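Trainee: Could you go through this model with me before I start on my own notes? I would like to talk about the charged pairs and the ligand.

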Protein chains: 2
Amino acid sequence: MGLDNNARTAIRIGIVGYGNLGRGVEAAVARNSDMAVAGIYTRRDPAQIEPMGAGVPVHAMDSLPGHKGGIDVLVLCGGSKDDLPRQSPELAAHFSLVDSFDTHARIPEHFAAVDAAAQAGRTTALISAGWDPGMFSINRVMGEALLPDGATYTFWGKGLSQGHSDAVRRVPGVAGGVQYTIPVDEAVAQVRSGLRPALTTREKHRRECFVVLEAGADASAVRKTIVTMPHYFDEYDTTVHFIGAEELAREHGAMPHGGFVIRSGNTSQENKQVIEYRLQLDSNPEFTSSVLVAYARAVHRMQQAGQWGCKTVFDVAPGLLSPRSAAELRAQLL
Amino acid sequence: MGLDNNARTAIRIGIVGYGNLGRGVEAAVARNSDMAVAGIYTRRDPAQIEPMGAGVPVHAMDSLPGHKGGIDVLVLCGGSKDDLPRQSPELAAHFSLVDSFDTHARIPEHFAAVDAAAQAGRTTALISAGWDPGMFSINRVMGEALLPDGATYTFWGKGLSQGHSDAVRRVPGVAGGVQYTIPVDEAVAQVRSGLRPALTTREKHRRECFVVLEAGADASAVRKTIVTMPHYFDEYDTTVHFIGAEELAREHGAMPHGGFVIRSGNTSQENKQVIEYRLQLDSNPEFTSSVLVAYARAVHRMQQAGQWGCKTVFDVAPGLLSPRSAAELRAQLL
Ligand SMILES: NC(=O)c1ccc[n+]([C@@H]2O[C@H](COP(=O)([O-])OP(=O)(O)OC[C@H]3O[C@@H](n4cnc5c(N)ncnc54)[C@H](OP(=O)(O)O)[C@@H]3O)[C@@H](O)[C@H]2O)c1
Ligand SMILES: NC(=O)c1ccc[n+]([C@@H]2O[C@H](COP(=O)([O-])OP(=O)(O)OC[C@H]3O[C@@H](n4cnc5c(N)ncnc54)[C@H](OP(=O)(O)O)[C@@H]3O)[C@@H](O)[C@H]2O)c1
């Protein structure tokens with residue numbers, strides 16, 4: 001890691017924000033020999049941040065503008081709710097970048113703000129990379145394009161949902177807990193068979209919570225508050241397990257996730273075709289970060305080719321993600 | 001079908017060769033409202049060809065140059081062995097086109113010949129679309145780019161292999177037959193678990209043949225000739241079933257196929273990630289044709305944008321495959 005080994009040609013990555021994704025990006029860059037971490041930028045005190053790689057510099061956010069000449073692409077690792085809506089347009093005015101903005105409903109406005117900044121700054125800024133949005137989105141678009149007479153299904157899980165875990169932890173009487181989203185097997189089987197079932201929210205996913213109670217809390221009241229919580233749980237079949245604090249720490253500290261995008265359709269009356277894209281992730285943030293880093297490579301190439309403005313995964317040709325040359329890809333992977 | 005409904009804006013497709021793929025392209029265009037079949041072109045007597053769509057014109061190949069003004073993209077449906085190596089470069093000099101060239105080892109030379117013609121003619125010619133090469137290739141490239149520390153596995157089947165079926169039918173004493181390629185369940189399970197096993201040819205796939213004997217043929221001699229056939233069967237575990245001619249016609253007339261591309265890798269020492277792309281196809285040629293037609297849309301757009309020369313699926317951004325606008329894709333599918 002660092003800029004020493006491949007300083008002349010490496011794509012220089014600036015990491016903005018050092019949480020789960022930030023650490024994942026550092027790990028992913030270390031696995032890509034054509035890239036190097038130029039620096040980590042944080043809103044916290046840089047002295048408090050300990051990067052994994054020896055010699056990776058940590059800087060305060062306000063030193064970023066002065067480092068412009070030493071960075072090719074920023075990977076933004078802030079939260080979608082409060083950080084990226086401000087950071088991405090602000091930084092796209094000066095830097096090419098990738099973010100993982102995942103508030104699906106607000107993508108058009110995020111795109112517009114980032115596009116204005118990137119067009120003005122002649123940078124290339126790719127938003128909403130990751131797995132959903134990201135790889136799942138690509139498979140939704142391609143599935144529909146290849147099988148226009150068909151139906152698309154997205155299933156999530158089995159995986160830890162950060163938002164639902166937070167909601168569980170806010171319930172009075174809960175000392176700690178996590179929530180897993182789980183696809184319903186029967187629904188997945190029906191979809192895979194090409195039947196194109198109409199499925200309700202309840203039929204597609206179920207939810208499972210592992211909860212540590214505060215001393216003296218009423219388990220049945222907590223359970224009821226969880227399973228009837230509007231928006232989060234009321235439309236699902238939810239199971240609540242009460243466990244001890246040690247078991248929570250020991251068994252539920254990881255962030256697995258994944259899921260499927262399935263497109264089934266007909267190419268003639270008699271012939272059904274099924275396309276399935278599936279992810280099984282031990283670590284949601286590490287995989288998301290790996291996607292961000294591959295897209296940082298593509299962004300760098302697009303910026304150099306004069307393809308400025310805001311982009312999404314829909315605008316990126318697959319070959320741009322690979323460190324290999326086009327001729328090598330054709331000869332070896334086509 | 002035909003050009004009546006959407007004559008002003010439809011992408012006008014010329015179908016070159018009317019075999020399995022040619023018929024599939026006609027069916028696929030009928031399912032895409034922004035496209036229309038301008039004509040079918042054949043080396044046989046056009047009067048002998050019966051298109052599925054009423055009013056779809058069938059022409060002799062040599063009338064193609066004269067129809068240049070009425071065609072946006074040709075979809076070449078000839079065979080990879082003898083037809084495409086000649087037809088694709090010849091036609092790319094005058095037309096934008098898509099082909100499904102699938103002789104993996106000869107892709108670089110096919111690319112070079114088509115690229116020279118397309119650059120000179122300012123056309124856009126995309127080679128080797130379909131599912132393998134094609135969708136599977138995209139998933140091999142993206143899997144490797146997203147998980148550089150990993151291994152990629154391609155499994156084919158369960159599906160009918162045309163080449164192996166032909167080989168079986170050439171065995172003395174065989175009156176008819178088909179061959180299915182089948183992934184070995186244990187190998188798929190190992191790969192899905194993220195173990196990155198080293199697998200031999202025999203461990204990955206097995207082969208199953210359904211054979212009708214000629215009157216008086218020696219079953220055990222036929223079986224032995226098949227299972228020991230160099231190159232085709234000797235490296236596999238092969239099962240041969242002898243059946244009657246009626247059963248062959250009734251049960252084995254379809255062309256199902258499919259398979260998986262699985263990339264498994266680590267993003268850190270402790271975390272494994274598995275990406276799987278899977279196709280289950282009732283009809284191999286109809287699905288391949290649907291892919292060709294979606295890429296014909298992308299080729300038309302790339303030609304109009306001045307992106308001339310030979311292309312592959314690695315050069316095509318996913319959004320170009322969809323009839324929807326970029327803004328609509330971002331708002332609805334990202
Ligand atoms: N597209 C996808 O598929 C996908 C998948 C997963 C996640 N995401 C998105 O990624 C976003 C970030 O996820 P994350 O798991 O990396 O969030 P996180 O760990 O909470 O980090 C977010 C930011 O909070 C700050 N932070 C981190 N640890 C902190 C601490 N101990 N104290 C104070 N501040 C801290 C960091 O900024 P500073 O260093 O500047 O303080 C960091 O950039 C999510 O909001 C989600 O929208 C997208
Ligand atoms: N990339 C992929 O995933 C993928 C998948 C499947 C197949 N493929 C490729 O697609 C190629 C074409 O496959 P296909 O199944 O369409 O082959 P096919 O049915 O044998 O047709 C090939 C050509 O043969 C001629 N033909 C068809 N029926 C005929 C008949 N009854 N008598 C005489 N000539 C006839 C047609 O040309 P005329 O009309 O000019 O006579 C046709 O274009 C294969 O070679 C394979 O390489 C690629």
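This is a predicted model: local features need pLDDT of at least 70, side-chain atom pairs count only at pLDDT 80 or more; totals for chains, interfaces and linings use all residues.

Trainee: How many salt bridges does the structure hold over all chains?

Mentor: Over all chains there are 26 salt bridges. One of them joins the side chains of A:Arg43 and A:Asp83, with N to O at 2.7 Å, and this pair links distant parts of the chain, the two residues being 40 residues apart.

Trainee: Which loops are those two in?

Mentor: A:Arg43 sits in the loop between strand E2 (35-42) and strand E3 (58-60) of chain A, while A:Asp83 belongs to the loop between strand E4 (73-76) and helix H2 (84-92) of chain A.

Trainee: And A:Asp83, is that buried or exposed?

Mentor: A:Asp83 has a relative accessibility of 13%, so it counts as buried, whereas A:Arg43 is exposed, its relative accessible area being 54%.

Trainee: What about B:Arg324, which residue does it form a salt bridge with?

Mentor: B:Arg324 pairs with A:Glu144, and their closest N and O atoms are 2.7 Å apart. The pair joins two chains, because B:Arg324 lies in the loop between strand E14 (309-311) and helix H11 (326-332) of chain B, and A:Glu144 lies in helix H4 (residues 135-146) of chain A. B:Arg324 is buried, with a relative accessible area of 19%, and A:Glu144 is buried as well, with a relative accessible area of 19%.

Trainee: Where in chain B are B:Arg169 and B:Asp166?

Mentor: They are in helix H5 (residues 162-169) of chain B, and because they are 3 residues apart there, about one helical turn separates them.

Trainee: Which residues are linked in a network of salt bridges?

Mentor: A network of salt bridges links A:Arg31, B:Asp149 and B:Arg196.

Trainee: OK, switching to ligand 1: which residues come nearest?

Mentor: There are 22 residues around ligand 1, and those that come nearest are A:Leu21, A:Thr42, A:Arg44, A:Ser80 and A:Asp102. A polar backbone atom of A:Leu21 is 2.8 Å from an oxygen atom of the ligand, and A:Thr42 places a polar side-chain atom 2.7 Å from an oxygen atom of ligand 1. For A:Trp131, a backbone N or O atom lies 2.8 Å from a ligand oxygen atom. Taken on its own, ligand 1 has 910 Å² of accessible area, of which the protein covers 70%.

Trainee: What is the shell made of, by class?

Mentor: The shell around ligand 1 has 11 polar, 6 nonpolar and 5 charged residues. Helix H1 (20-30) and helix H10 (284-304) of chain A each contribute at least two residues to that shell.

Trainee: Back to helix H4 of chain A: what does the side chain of A:Asn139 reach?

Mentor: A:Asn139, which lies in helix H4 of chain A, has a side chain that reaches the backbone oxygen of A:Met135 at 3.0 Å. At 11% relative accessibility, A:Asn139 counts as buried.

Trainee: Last one, what does UniProt list for residues 130-283 of chain A?

Mentor: The unreviewed UniProt entry lists that span as "domain: Meso-diaminopimelate D-dehydrogenase C-terminal". In the model, residues 130-283 of chain A are 31% helix and 35% strand, and the end C-alpha atoms lie 13 Å apart.

Note on methods
Residues are numbered from 1 along each chain as its sequence is written. Chains are lettered from A and ligands numbered from 1 in the order in which they are written. Side-chain values use heavy atoms; hydrogens and water are left out. UniProt positions are given in the numbering used here, feature names are shortened, and annotations may be inferred rather than shown by experiment. Helices (H or I, at least four residues) and strands (E, at least two) are DSSP runs, numbered from the N terminus. A salt bridge is a side-chain nitrogen of Lys or Arg within 4 Å of a carboxyl oxygen of Asp or Glu. Buried means under 20% relative accessible area, exposed over 50%, partly exposed in between (1.4 Å probe, protein chains only). A residue is near a molecule or strand if one of its heavy atoms lies within 4 Å of it. A polar contact is a pair of N or O atoms within 3.5 Å; within protein, one must be able to donate a hydrogen and the other to accept it, and residues adjacent in sequence count only if both atoms are side-chain atoms. Accessible areas come from the Shrake-Rupley method with a 1.4 Å probe; for residues, only the protein chains shown count as cover. Ala, Val, Leu, Ile, Met, Phe, Trp, Tyr, Cys and Pro count as nonpolar, Asp, Glu, Lys and Arg as charged, and the others, Gly among them, as polar.
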